[in-house]
Amino acid sequence: MKNLLSTLEPLLAKLPVTASVQLASGERIGPEQSAVQLIFRSPKALAALLDGQVGSLGAAIVEGWVDVKGQARDIMAAAAGLLQADPVQHRPTWLEQTVSKAKSLAMHTLSRDAEQIQFHYDLSDDFYALWLDPRRVYSCAYYQSADMTLAQAQEAKLDHICKKLRLQPGERFWDIGSGWGGLIFWAAENYGVQAHGITLSRNQYEYVQRLIAEKGLQGRVQVELRDYRQMDGVEPFDKIGSVGMFEHVGSANLPGYFQTIHGMLKPGGLALVHGITAGGVGNAELGAGMGDFISRYIFPGGELMHVSRVQHDMGQSGLEMVDTENLRPHYARTLWAWSDALEARMDEARAVLVAQYDAGRAERALRAYRLYLAGCAMAFERGWIALHQLLCSKPDGNLQTGVMKGAQSSYPFNREYIYR
């Protein structure tokens, strides 16, 4: 054990925060009042610590093999310091790409996508309500000014999207993956559209149905429990939004996702997709076990693509990309806001989950979400992952459509209208 502790000593010394390790035998290394304390209950996780596999170390924490003490930001600073390689620079071989495509196809059938969405979003509405904003907008906020609260920044994001889409009263607006309804309610109430949302989450569907009744928006807002691939018989829409959705589509299905958007969008219409993109051009997930951690505990079936791949498949579908905006640091700040809110209400969160599940599952979920929120905040800060809003049009082929000759859509080909 002394040899092991001596191996750990230089590892801990290079971390940007003070850290200590205590073994199951009671032996320890590092200052007693360190910012981060790792208490190993099982030797299984020691290899992950030594190899810099922070995702595997995170899994050990979730499973109870390791206890971690410290503030979330300090824990993430220590995790980043443990890495032995850049987590976004992996270049997959031809064989890896082939296996990845086959895996993606298998993961994203209609039934499996429904199961995977429900695994995450149906965990507990009351749990999410503890740390999201009052509208339960579960995606990157837009901090239009530095002094905005999370709730204000989420409203700014919803309005930013509606302005980009140039929503007009009476238009039919489709929201693919409408969550707890933040965007469809904002668009209907502030822009006068007929809003149609779809989700695969039963909890979200039932929640939005209740809000429609409470707000008296029957006939103006509609939500369905439906997959985006099952829109047969539905007339095309004037405008389309999809927020925090294409991360769940899968690499193999991304071309079909954009073909669906193209088919469901009226000629000359605009669509906006907002989602997490990979920081590296070749990697579908973060290295050092972080991608595996997310897939196992948070988002099964989730896949990230570089924005260049997203734009490629968008273009292949016949849609024209007219504006792209990277909001990466905005998502870091959003996630820290969520993390801070969860940290402040841990006892309430535990009580909510214990009331719904057995104590063991509740504790595992709580540990997983604590690491997930803070870990993702760190990943966005460091540029390992990004957040892009991509606005596209479906050209109508008429050179006289729009404010400029050749626009062929309602997009004005300048950004002034967005910020006016």
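Rings of Phe, Tyr and Trp (its six-membered ring) pair if their centres lie within 6.5 Å; planes under 30 degrees apart count as stacked, over 60 as edge-to-face and the rest as tilted. By that rule, the structure holds 21 aromatic pairs. Tyrosine 128 and tryptophan 131 make one of them: their ring centres are 5.5 Å apart and their planes stand at 55 degrees, so this pair is tilted. The two residues are three apart in helix 7 (residues 125-131), about one helical turn. Both tyrosine 128 and tryptophan 131 are buried, where buried means under 20% relative accessible area, exposed over 50%, and partly exposed in between (1.4 Å probe, protein chains only).

This is a predicted model: local features need pLDDT of at least 70, side-chain atom pairs count only at pLDDT 80 or more, and totals for chains, interfaces and linings use all residues. Residues are numbered from 1 along each chain as its sequence is written, and side-chain values use heavy atoms, with hydrogens and water left out.

A further tilted pair joins phenylalanine 293 and tyrosine 297, at 5.1 Å centre to centre and 45 degrees between the planes. These residues sit four apart in helix 12 (residues 290-297), again about one turn. Phenylalanine 293 is buried at 9% relative accessible area. Tyrosine 297 is buried too, at 13%.

Now widen the view. The protein chain has 17 helices and eleven strands; helices (H or I, at least four residues) and strands (E, at least two) are DSSP runs, numbered from the N terminus. Of its 420 residues, 55% count as buried. Contact means heavy atoms within 4.5 Å. Among contacts between residues at least 6 apart in sequence, 74% join residues at least 24 apart. The chain exposes about 18,000 Å², and carbon and sulfur atoms supply 51% of that area. Accessible areas come from the Shrake-Rupley method with a 1.4 Å probe; for residues, only the protein chains shown count as cover.

Next, the interior. A nonpolar core is a set of buried Ala, Val, Leu, Ile, Met, Phe, Trp, Tyr and Cys residues joined through side-chain atoms within 4.5 Å. The largest has 118 residues, and Trp131, Tyr138 and Tyr369 have the most contacts inside it. Helix 16 (residues 359-381) gives this core its largest share, 14 residues. Another core lies apart from it, with 26 residues, among them Phe237, Val273, Val307 and Met314. Trp131, Tyr138 and Tyr369 also belong to one aromatic cluster, whose other members include Tyr128, Trp180 and Phe380.

Turn to tyrosine 207, in helix 10 (residues 202-215). Tyrosine 207 is buried, with a relative accessible area of 14%. Leaving aside neighbours within four places in sequence, tyrosine 207 contacts Asp125, Arg136 and Trp180. Tyrosine 207 and aspartate 125 are 82 residues apart in sequence and 8.7 Å apart in space, C-alpha to C-alpha.

Charges meet rings as well. A charge sits over a ring if NZ of Lys or CZ of Arg is within 6 Å of the ring centre and within 35 degrees of the ring normal. The charged end of arginine 166 sits over the ring of tyrosine 417, 5.2 Å from its centre. Arginine 172 lies over the face of phenylalanine 237, at 4.2 Å from the ring centre.

Last, the cysteines. A disulfide is a pair of cysteine sulfur atoms within 2.5 Å. The count here is zero disulfides. Cysteine 140 is buried at 0% relative accessible area, and cysteine 392 is buried at 1%.
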